[in-house]
Amino acid sequence: MDDSDDRPLAAGDPLLAVKDLTVYYGKALALDRVSLHVNQGEIVSIVGANGAGKSTAIRTISGSKQPSAGEIWFDGRRIDGMPPYDVVRLGIVQVPAGRQIFQTMSVLDNLKVGAHRRKDREGIKRDLDSVYEHFPILKEKRNQAGGELSGGQQQMLAVGRALMADPKLLLMDEPSIGLSPILVAEVGKIIKDINSRGISILLVEQNARMALRLASRAYILEIGRIGLHGKCDDLIDNDEVKRCYLGG
Amino acid sequence: MSVIMQLAFDGLTIGLIYVILAAGLVLILSVTEIFFVAYGQFYMWGAYITWYVVDRFQLNYFAGLAVAIVATLVFGLAGYLLIFMRMQRMENRFLITITGALGISLILAQAVLVVFGTQPKSIPGVFTGAFDVGGVHIEVKKLALIGMGILVTLALFWIYERTRVGRAMRAVALNADVAALYGINPRFVYLLTMGIGCALAGLAGGLLAPAYNLSSGMGNNVIASVLLMTMLGGMDSLLGAVVGGLIVGQILSFGQYYTGQMSVVYLFLFIGLVIYFRPNGLLGHRTDMGV
């Protein structure tokens with residue numbers, strides 16, 4: 001890989017910068033000149049209704065979907081057009097919607113897939129211990145098939161698998177979907193905890209209440225465009241946000 | 001009683017060839033989702049190449065086996081790079097990859113006639129001798145085949161279940177898009193799997209060569225049986241391939257002794273019945289392959 005065009009991340013530069021990102025699904029415009037950024041150490045949310053383009057944004061940043069225009073910069077390097085298996089090496093790791101764990105593979109193998117591209121055996125071992133420490137149930141069930149875990153445990157496995165890739169930025173696509181309210185709160189705690197270890201997080205959520213409570217800043221996505229954005233404390237008090245996303 | 005034991009022994013011998021063949025095809029089917037009907041020809045080519053190296057160059061049998069494995073591996077890699085890689089990106093990839101595989105199958109089947117002629121081949125004298133145990137006539141060449149077959153199967157399981165490459169193959173088989181999110185390049189895994197799968201077919205042919213006669217129709221003859229084995233065991237299960245291969249080996253061994261040509265019909269009926277009650281096969285998980 002040629003690094004000559006890349007510049008080191010200067011102080012004050014965002015970790016992730018998305019500029020005028022435009023994405024089509026066939027002929028349908030999914031994202032229309034979307035710009036957003038995530039600073040080092042931040043939790044940022046993208047909130048929006050079903051079909052607003054939230055998942056498309058995540059999928060395009062991780063490289064699963066190719067944009068037709070715009071730029072994505074990460075850690076001083078332009079990454080749009082890069083395949084997902086290279087993007088992950090830079091430290092952008094996605095926790096996909098619906099958890100998408102490998103159902104018939106053991107819990108341990110699921111976690112090892114997360115570390116596929118890493119060579120640092122010591123670091124992998126340390127991160128595995130750390131995942132087990134945070135989610136003891138995964139250690140207990142490490143030889144069971146991933147599909148045998150409950151929904152909440154599968155979410156832990158999906159997060160654990162992503163942590164095994166040694167992320168700088170975690171992209172979380174609807175982590176609360178299909179979970180009971182108690183588990184949603186649990187996932188919220190996990191996100192805070194991961195963030196406290198220095199990992200930045202871009203969180204996509206239909207559950208606006210959860211997203212705005214966790215994040216420091218948020219972008220409201222309306223049918224492919226960024227509507228409002230700003231500090232979550234301000235957004236929570238915004239009348240339009242209250243009416244549209246927080247149920248009054 | 002000794003007849004039954006003899007049939008069981010012979011069924012195990014050919015069964016282990018089937019196990020390796022079915023295992024290779026299961027890898028190709030579950031990982032690449034290409035319905036690879038050319039697979040039988042790689043088996044035939046493996047056998048013929050082994051024969052050629054031993055017969056013409058007077059080289060050691062294991063040298064012939066090694067050449068057969070490398071050659072079929074290279075065929076498989078080339079086939080993927082030249083033909084399937086592009087086809088896999090197409091909208092109608094399921095049908096078009098079958099068509100591609102059919103084309104490869106025809107070419108390889110004809111090429112063997114052109115290169116080696118129509119005379120049946122054999123490699124006598126590699127493993128000689130025989131002994132009787134409890135009325136069962138055990139030829140050393142079959143015993144050698146059984147031993148090597150078991151070793152190959154164990155090695156394959158170790159690679160698939162215990163190594164990084166095997167894990168990547170399993171992950172891509174389950175969900176290539178998600179595997180890519182964690183650093184696995186699905187196209188590289190498809191390429192590798194096609195190479196390994198074809199090399200397993202070549203290896204099976206090479207293992208068969210000292211113990212049985214080779215004919216130019218053996219590739220065509222075996223492909224239907226191998227597809228049936230994978231359906232019986234489950235198209236995404238390596239263990240299923242082992243079970244399927246061993247069962248089919250026994251059915252054909254006993255069937256041919258007691259019912260002659262009808263044995264293939266009974267095989268179809270038996271597997272049809274199993275699939276009727278267990279659509280995923282005995283040990284498989286999914287039926288949506290390639291769709």
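## Helix α4 of chain A

In α4(A), the buried residues are Asp127(A), Leu128(A) and Val131(A) (buried means 20 or more other C-beta atoms within 10 Å of a residue's own, exposed 12 or fewer, partly exposed in between, with C-beta atoms placed from the backbone). They lie on the same side of α4(A) because they cover an arc of only 105 degrees around the axis, the arc being that of the directions from the helix axis to the C-beta atoms. The other side of α4(A) holds the exposed residues Glu122(A), Lys125(A), Arg126(A), Asp129(A) and Glu133(A).

This is a predicted model, in which local features need pLDDT of at least 70, side-chain atom pairs count only at pLDDT 80 or more, and totals for chains, interfaces and linings use all residues. Residues are numbered from 1 along each chain as its sequence is written, and chains are lettered from A and ligands numbered from 1 in the order in which they are written.

The cover over the buried residues of α4(A) includes α3 (107-114), α5 (136-140) and α6 (151-163) of chain A. Helices are DSSP runs of H or I with at least four residues, strands are runs of E with at least two, and both are numbered from the N terminus. Contact means that the C-beta atoms of two residues, placed from the backbone, lie within 7 Å.

## Where the chains meet

In the interface, 16 residues of chain B are in contact with 21 residues of chain A. On the side of chain B that touches chain A, α6 (164-174) and α7 (176-181) of chain B each supply at least two residues.

## Gln250 of chain B

Gln250(B) belongs to helix α10 (residues 238-259) of chain B. Gln250(B) counts as partly exposed because it has 18 C-beta neighbours inside 10 Å. Leaving out residues up to four places away in sequence, Gln250(B) touches Ala8(B), Gly11(B) and Gly15(B).
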